[in-house]
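Please consult the sequence and the structure shown here while reading.

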Amino acid sequence: MRLLLVEDEPGMAAALGRGLSAEGYVVDRVADGPAGLEAARFGAYDVVVLDIMLPGMSGYSVVRTLREEQNWVPVLLLSAKDGEYDVADGLDYGADDYLTKPFSFVVLLARLRSLVRRDTGPRPTVLEAGGLSLDPATHRVQVDGADVELSPREFRLLEQLLRAAPAVISKDELLDQVWASGDDANVVEVYVGYLRRKLGRERIETVRGVGYRIAD
Ligand code: CA
């Protein structure tokens, strides 16, 4: 399992590198944003552990650039609790998960296992259902052939609904896939409301007590 560690704090990088190597990961370490981007582009890694506050280029920019280039390597962001960014925003830029420092090494290992298992793999196929289409690669969304602008969060929500279609997807599942753990489930309802306003009310059905589904 090849892992890229992008972390500028020498003590942290050394400790993580040692620990992950001991767990059987083949670890490459770089200490700034541009080097991280370069390595992630060409290194064929199974997973990337990416600090947010980095010299030269933030972890956000690194992951956003990778996704724009259609590089879907699983990325786990690391952030300091008092950082100036909201870590959850990292998910909008295409990261798969995040941990706030200080974190337990055991938790990091569990998250990495789950990321690699999830096999984020290539995701370029256009998703279509009920007159809606969404292209994960170009971020283009259309309703009956007409373009619609969505925020990153709305986009991720619609993507999950379309991936589930024609099946129902539960609120908890959506919360889990689109928001960070610990967020309130009401946020799902709020964002389904935003989507309905942009796509048309009838496009997303509520299945009472179960969840949501794209209408046929
Ligand atoms: Ca840092």
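The secondary structure of the protein chain comprises eight helices and 12 strands, where helices (H or I, at least four residues) and strands (E, at least two) are DSSP runs numbered from the N terminus. This is a predicted model, in which local features need pLDDT of at least 70 and side-chain atom pairs count only at pLDDT 80 or more, while totals for chains, interfaces and linings use all residues. Residues are numbered from 1 along each chain as its sequence is written, and side-chain values use heavy atoms, with hydrogens and water left out.

**Overall form.** The C-alpha trace of the protein chain spans about 55 × 30 × 30 Å along its principal axes. Of the 216 residues in the protein chain, 48% are buried; buried means under 20% relative accessible area, exposed over 50%, and partly exposed in between (1.4 Å probe, protein chains only).

**The calcium site.** The calcium ion has as protein donors Asp-8 (OD), Asp-51 (OD) and Met-53 (O), which lie 2.1 to 2.3 Å from the ion. Donors are N, O and S atoms within 2.8 Å of the metal (3.2 Å for Na, K and Ca), and since water is not among the atoms, sites may look incomplete. Along the chain, the donors of the calcium ion follow the spacing D-x42-D-x1-M.

| Residue | Relative accessible area | Class |
|---|---|---|
| Asp-51 | 4% | buried |
| Met-53 | 40% | partly exposed |
| Gln-160 | 16% | buried |
| Tyr-194 | 30% | partly exposed |

**Helix H6.** Gln-160 belongs to helix H6 (residues 152-164). Apart from neighbours within four places in sequence, Gln-160 is in contact (heavy atoms within 4.5 Å) with Ile-169, Leu-174, Gln-177 and Val-178.

**Helix H8.** The buried residues of H8 are Val-188, Tyr-191, Val-192, Leu-195, Arg-196 and Leu-199. They lie on the same side of H8, because they cover an arc of only 150 degrees around the axis; the arc is that of the directions from the helix axis to the C-beta atoms. Tyr-191 and Tyr-194 are three residues apart in helix H8 (residues 186-199), and are therefore separated by about one helical turn. An α-helix has 3.6 residues a turn, so residues three or four places apart point the same way. After H8 comes Gly-200, whose phi is positive, near 115 degrees.
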